Amino acid sequence: NVDALVGLAVTEMNIDPDTDMTLDQAETFKERQVSKALRHLETAYNTMQSGGGKIQNAMLLNLLANHFLVRRELDKAYALAWQAFHSTSVPRMRSEACYHIARTFHIRGNFEQAQKFYEHATTIQADFLLPHIGLGQTLVHAKKWTEAKVCFERVLRHHPNDFEVRKMVGSVCARAGESKKALEQFEMIVNQEIEHRVDADVHIEMALIHESKNTSKALECYNRAREQLKRKGTAPPPELYNNMGALYQKLGDLRKSRVFYEKALKAYGSPIPDESGAFKVDEKDEQQSRAMRGSAITVLYNMARLAEDGHQYAYADTLYRGILGE
């Protein structure tokens, strides 16, 4: 019985691992359950195919479309979702099919078509929340911050403890110029979540908001971001070091400012100026050449300004000439 096999597959996928399992054990358990579910779905699909005619079980088709999306086999996912949409009149199933179609476009970078199908999914079944997240993301790509915020806030009203969605709301508010509301969202995450779950992005977003009005607070947020990245064994991005250098320069702490500018240059793979301000780019070193074509030039310029602040005019002059030479 096809319906029974589909039901069994759903049941297998929804069984949670025991609470006393380690993370690795829980992951292995989930993978095993997905494998069991897939066997049921394949059997159901093959059974319907052998009967001749079109497969009309939208739930089966949607589940298989989702599976192929995860595996990034987008043509198969699209075909199954399209078939699911046209095989049923049930709104929830049609909405889910549209959602999967939208995801295939989204992954391929076709944001216009992705937005179209996400919108269609939300129109068919407004309380199906996943398409609202996808729609919000495509609106973010289009820099339609206010419309994106509406999408994310709709999901947040139903799932107020969702860490990722609250982070999206905060990010969109920040880009829309609603700094106060953005900080409220990020602070709720920091205050309510277990510390190891608050990723560095949250602290970086908070730092960027604080930069214009509260330099010390911005530095505090950047340092928290560094701690989080260190825990995960991830190197901080050079932009973070550059921003910290600029903030220390603003506070008048020229020594620390230089330390962080040099960290930024190292992270970019750029040469570091010597005591005279001179630097030499090894043209055969692809990383150095790439760095000098990018944001490393900005860091060197900041270092030149820093030297001026410290009355090291000869050093600054040498740096400026080196930058112009590049």
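Predicted model: local features only at pLDDT ≥ 70, side-chain atom pairs only at ≥ 80, totals over all residues.

**Two helices.** Select residues 179–192 (helix 10) and 200–210 (helix 11): their axes come within 10 Å and cross at roughly 150 degrees. The crossing is left-handed. Now show side chains. On helix 10, the contact residues include Leu183, Phe186 and Ile189, and on helix 11 they include Val202, Met206 and Ile209. By class, this contact has eight nonpolar, three polar and two charged residues.

The whole structure holds eight aromatic pairs. For one of them, pick tyrosine 248 and phenylalanine 260: the ring centres are 5.5 Å apart and the planes meet at 15 degrees, so the pair is stacked. Tyrosine 248 belongs to helix 13 and phenylalanine 260 to helix 14, so the pair ties together parts twelve residues apart in sequence.

**A tilted pair.** Move on to tyrosine 301 and tyrosine 320, whose ring centres lie 6.0 Å apart with planes at 55 degrees, so this pair is tilted. Tyrosine 301 sits in helix 16 and tyrosine 320 in helix 17. Tyrosine 301 is partly exposed at 42%, and tyrosine 320 is partly exposed at 24%.

**A cluster and two charges.** Next, select Tyr78, Trp82, Phe105 and Phe117, which ring pairs link into a cluster. Finish with two arginines: the charged end of arginine 92 sits over the ring of phenylalanine 128, 4.0 Å from its centre, while arginine 94 lies over the face of phenylalanine 85, at 3.9 Å from the ring centre.

Notes:
Residues numbered from 1 in each chain as written. Heavy atoms only, no water. Axes fitted to C-alpha atoms, helices over the stretch in contact; angles between N-to-C directions. Helix = DSSP H or I, 4+ residues; strand = E, 2+ residues; numbered from the N terminus. Left-handed = near helix turned anticlockwise from the far one by under 90°. Contact = heavy atoms within 4.5 Å. Nonpolar A, V, L, I, M, F, W, Y, C, P; charged D, E, K, R; others polar. Phe/Tyr/Trp six-rings, centres within 6.5 Å; stacked < 30°, edge-to-face > 60°. Buried < 20%, exposed > 50% of the residue type's maximum accessible area, 1.4 Å probe, protein only. Lys NZ or Arg CZ within 6 Å of the ring centre and 35° of its normal.
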